[in-house]
Amino acid sequence: MNFICSKQKLQEGISIVTKAITGKTTMPILEGIYIEANDEGLTLIGSDMDVSIETKVEATVTTAGKIVLDARLFGEIIRKLPNSDVKIEIADNDLIQVTCEKSVFNLVYMNPSDYPMLPTINEDLKVEVPQNLLKNMIKGTSFAIAQDEVRPILQGILFEVKDKQLNLVALDGYRLAIRNELLDIDNDIEVVIPGKTLNEVSKILEDNSDLVEITFTSNHILFNLKTTKVISRLLEGKFVNYNSLLPQEHKLIVNVKKQELQNGIERASLMAKDGNSNLIKLDVQEDILIITSNSQLGKVREEVAISLQGEGVQIAFNSRYLLDVLKSMEEDEIVMEMTSGITPCVIKGKNMNNSKYLVLPVRLVR
């Protein structure tokens with residue numbers, strides 16, 4: 001193997017594939033980056049068996065070949081080299097030589113034949129989604145993924161295509177996040193993608209309308225983004241029937257400017273950090289929403305202007321759950337639907353109906 005590649009392009013490729021290398025593996029080979037050089041340039045692969053990322057990097061290849069290099073060490077070396085061309089070639093004694101201007105490193109490489117093959121995915125059933133749209137949908141749901149392992153299915157996001165509509169759904173027992181967009185897709189699809197996978201995909205997606213191709217098998221999903229592919233296993237099992245969790249009716253509607261509510265809650269939550277509940281209380285009145293929080297640190301009172309349809313209510317929340325929802329919403333004005341101080345609150349945009357959130361209140365001890 002012998003090739004020359006710009007330091008910046010090589011570093012970008014390493015950065016992409018190392019997102020799949022967790023270090024939590026019993027196979028030492030998976031702590032490495034698989035590198036294959038041929039006439040078309042370089043192919044880099046990182047994997048932890050659950051998620052695999054492959055990316056192409058432009059390079060001038062003199063001699064084809066394959067190696068596996070320790071991801072952490074190789075990544076650090078390339079990152080600290082001068083911004084110039086990097087030459088990599090096989091040396092003696094299972095070593096490669098990395099040369100850049102006046103820097104020369106000799107690194108031990110691992111046997112590429114020990115590296116596990118990526119799953120083969122038949123790319124017949126394809127769904128195409130604009131990258132910026134998918135990125136926003138992931139951002140708008142991923143915060144509600146369950147963090148504990150009690151119900152593994154809730155550590156993923158439901159990817160559902162139904163009636164020409166793509167739905168992404170996440171829930172953790174305290175809140176529910178739903179994002180949907182109309183897509184011209186005839187197939188009906190229902191799979192659960194690990195949240196970790198979608199968060200890594202989101203980092204690779206661009207903020208443009210270029211299409212990402214998504215392909216499914218019974219147990220894997222492939223995201224194809226031109227020079228980069230992300231392959232992930234799917235979670236096994238049936239996702240929760242999320243529609244049954246949404247209240248069918250409500251008794252009051254609050255219209256409020258999102259940023260004003262978010263600012264008020266953020267200030268009130270400064271006093272709510274005593275303990276883990278992040279408790280804030282909302283007193284919904286005719287034209288104002290009063291936010292309060294009391295703790296051993298002190299107390300705070302905030303007022304936010306609202307318009308109310310229905311009777312007022314007093315209700316308490318974990319402030320973090322409300323802030324996660326508000327930070328993920330794009331509309332300036334939002335609607336909060338409630339029935340009582342002990343029933344869920346549904347939050348959605350006033351004018352757009354492509355998102356819906358449910359947050360459970362905290363029951364107050366009277």
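**The sheet and its helices**

Author: Five strands form an open sheet in the order E5-E1-E7-E8-E9, with antiparallel pairing. Strands (E, at least two residues) and helices (H or I, at least four) are DSSP runs numbered from the N terminus, and two strands pair if DSSP finds at least two bridges between them. This is a predicted model, where local features need pLDDT of at least 70, side-chain atom pairs count only at pLDDT 80 or more, and totals for chains, interfaces and linings use all residues. Residues are numbered from 1 along each chain as its sequence is written, and side-chain values use heavy atoms, leaving out hydrogens and water.

Reader: How many bridges join E8 to E9?

Author: Six bridges join E8 (residues 95-100) to E9, and the two run antiparallel. Serine 103 in E9 is the bridge partner of cysteine 100.

Reader: What does helix H2 touch?

Author: Helix H2 (residues 71-80) packs on the sheet and touches E7, E8 and E9; contact means heavy atoms within 4.5 Å.

Reader: A new topic: how many disulfides are there?

Author: The count is zero, a disulfide being a pair of cysteine sulfur atoms within 2.5 Å.

Reader: Is cysteine 100 buried or exposed?

Author: Cysteine 100 is buried, at 0% relative accessible area; buried means under 20%, exposed over 50%, and partly exposed in between (1.4 Å probe, protein chains only). Cysteine 345 is buried too, at 0%.

Technical notes: Axes are lines fitted to C-alpha atoms, for helices over the stretch in contact, and angles run from 0 to 180 degrees between N-to-C directions.
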